[in-house]
Amino acid sequence: MMEHEMRKIPNTFGLDVEAAVFLEYSSVEELEKLIAAGYITSPYLHIGGGSNLLFTGDYKGVILHSRIGGIEVIAEDEEKVALRVGAGVVWDDFVAYCVEHGWYGTENLSLIPGEVGASAVQNIGAYGVEVKDLISFVETMNIEGVKHVYRMDECGYSYRNSIFKRPEMKQVFVTYVGFTLSKKEHYMLDYGTIRQELEKYPGVDLKILRQVIISIRESKLPDPKLLGNAGSFFMNPVVSREVFEVLRKQYPRMPFYEMGTDRIKIPAGWMIDQCGWKGKSLGPAAVHDKQALVLVNRGGATGADIVALSDAVRASVREKFGIDIHPEVNFI
Ligand code: EPU
């Protein structure tokens, strides 16, 4: 158990922010002790890798961070493997482990920043896969020290969302996540430029696909160690067919994804790009020059600088397309 007074809060935006108290724990027992000893006073916030957070100032409360590790096989047969993984395991280390062991399912989610616990809260997704497709259960402990295991179908998963994002669930901390992965060879290749990129390789296997996903991501998304960012800053808006048809008349080349019969997802990145924001700065905050969905800290930005840019971008999209886009990143 570690306690650090006024400690810097880790965040991939590279914002210089501190917490009044920063607590880390490495096991469920340690978390139980922190709760019992009354260390976790309000306000408190449990973070993962800080890869989807925008701190608008110092946090005047307790920041909690899990360091629960371990990747354990809890059941297996010829076709599948069931795993129980600590919330503090770095997501991409988990993906690398699965690829190494020949387990299918996580590879399209290679290189997503963050940790296993947060992956289950945020329902991370990329290249045609969402983590909810792989999750079987989520183990938790609440602020009263009560343990509860949620089955996947109780987690209320939808696009970048789950019950764990509800305000009243802020008092529920993820301790372990259960995954079921396949041992049978199968790949998800029909998204974006995966097939095109694969042509550079002699064939496909888990390691090659992981490499392909990593190269596609690296070509578009900035490395937070070099340029502060939180991945996609906005969610892709979903509109009705009626709204979509009107827009399509005006913008025949607009990309879109059908989601059932009446719901159409429009890439926010494309709209922001069309508004001319790509590569543009507002003070020390900027819209990334290779992917307009990503806002970056060019150095020395504050949370307020990023919020100002976010507001300006949203206003442009509203004006040009009549659509409200909403941040995917959580403002604190
Ligand atoms: N586009 C542009 N200009 C841009 C950006 C995008 O014209 O500056 C166009 C692209 O050409 C493409 C379309 O918009 O036709 C969609 O772009 P892309 O395939 O890059 O994906 P996205 O919708 O921008 C989503 C996820 C990403 C995920 C990728 C790949 C969200 C909010 N974002 O981005 O997730 O990696 O698909 O699956 O759903 C994240 O959540 O942090 C994240 C990076």
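This report walks through the salt bridges and the ligand surroundings of the structure above.

The model is predicted, so local features need pLDDT of at least 70 and side-chain atom pairs count only at pLDDT 80 or more, while totals for chains, interfaces and linings use all residues. Residues are numbered from 1 along each chain as its sequence is written, and side-chain values use heavy atoms, with hydrogens and water left out.

**Salt bridges**

Let's start with the charged pairs. Side chains of opposite charge can pair when their charged atoms come close. Here a salt bridge is a side-chain nitrogen of Lys or Arg within 4 Å of a carboxyl oxygen of Asp or Glu, and the count comes to 19. Three of them are set out below.

| Salt bridge | N to O distance |
|---|---|
| Lys 132 and Glu 130 | 3.7 Å |
| Lys 132 and Asp 133 | 3.0 Å |
| Arg 160 and Glu 328 | 3.6 Å |

The Arg 160 and Glu 328 pair links distant parts of the chain, 168 residues apart. Arg 160 sits in the loop between strand E11 (147-151) and strand E12 (172-182), and Glu 328 in the loop between helix H8 (303-321) and strand E20 (330-331). These elements are DSSP runs numbered from the N terminus: helices (H or I) of at least four residues and strands (E) of at least two.

How well covered are these partners? Buried means under 20% relative accessible area, exposed over 50%, and partly exposed in between (1.4 Å probe, protein chains only). Arg 160 is buried at 14%, and Glu 328 is buried at 8%. Glu 130 also counts as buried, at 18%, whereas Lys 132 is partly exposed at 25% and Asp 133 is partly exposed at 46%.

**Around the ligand**

Glu 328 turns up again here: an N or O atom of its side chain is 3.1 Å from an oxygen atom of the ligand. A polar side-chain atom of Tyr 159 lies 2.7 Å from a ligand oxygen atom, and for a backbone N or O atom of Ala 292 the distance is 2.8 Å. Taken alone, the ligand exposes 820 Å², and the protein buries 81% of that (Shrake-Rupley method, 1.4 Å probe).

There are 25 residues around the ligand, each with a heavy atom within 4 Å of it. Tyr 127, Tyr 159, Asp 273, Gln 291 and Ala 292 come nearest. Strand E8 (125-126), helix H5 (206-220) and helix H7 (268-274) each give two or more residues to this shell, and H7 gives the most, with three.

Conventions
Polar contact = N/O pair within 3.5 Å; in protein donor to acceptor, adjacent residues only side chain to side chain.
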